[in-house]
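Here is a short report on a protein model.

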Amino acid sequence: TCRDCHAAYMREYRRTHKMTEEQRKKDSCRSYAGVYLRRGKLVREDCVKCGSEDSQMHHEDYDKPLDVTWMCRPGHLEHHHGV
């Protein structure tokens, strides 16, 4: 789905499915870091595991939204799920 359709779906979904405190904290942290990334104050780096340029943010501590580790998708999944 397109970004606008997904946003509309999520607005409707959130009306009936409220986030827990923990989910709200994680969502806020990710959003905060995303804003800093888009503004250029947080710079994307290569994956710490394999060096891939296609990396994503990983937060060890959601109380520190700008303290991120950059991991590729497979490495990030392995870190969380041992896959």
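The model is a predicted one.

**Cysteines**

How many disulfides does the structure hold? The count is zero. Cys50 is in no disulfide, and its nearest cysteine sulfur, that of Cys72, lies 3.7 Å away. Cys72 is likewise in no disulfide, with the sulfur of Cys50 as its nearest, at 3.7 Å. A disulfide is a covalent bond between the sulfur atoms of two cysteines.

Are these two residues buried or exposed? Cys50 counts as exposed, whereas Cys72 counts as buried. The table gives the values.

| Residue | Relative accessibility | Class |
|---|---|---|
| Cys50 | 52% | exposed |
| Cys72 | 9% | buried |

**Helix α2**

Helix α2 covers residues 21-38, which makes 18 residues. At 1.5 Å a residue, α2 should span 26 Å. The end C-alpha atoms of α2 are 26 Å apart, so the two values agree.

Which residues of α2 are buried? They are Cys29, Ala33 and Gly34. These residues cover an arc of only 135° around the axis, so they sit on the same side of α2. In an α-helix there are 3.6 residues a turn, so residues three or four places apart point the same way. On the other side of α2, Glu21 and Arg38 are exposed.

What covers the buried residues of α2? The cover includes strand β1, residues 55-59. Just after α2, Gly40 takes a positive phi of about 85°.

Conventions:
Residues numbered from 1 in each chain as written. Predicted model: local features only at pLDDT ≥ 70, side-chain atom pairs only at ≥ 80, totals over all residues. Heavy atoms only, no water. Disulfide = S-S within 2.5 Å. Buried < 20%, exposed > 50% of the residue type's maximum accessible area, 1.4 Å probe, protein only. Helix = DSSP H or I, 4+ residues; strand = E, 2+ residues; numbered from the N terminus. Expected span 1.5 Å × (residues − 1). Arc of directions from axis to C-beta. Contact = heavy atoms within 4.5 Å.
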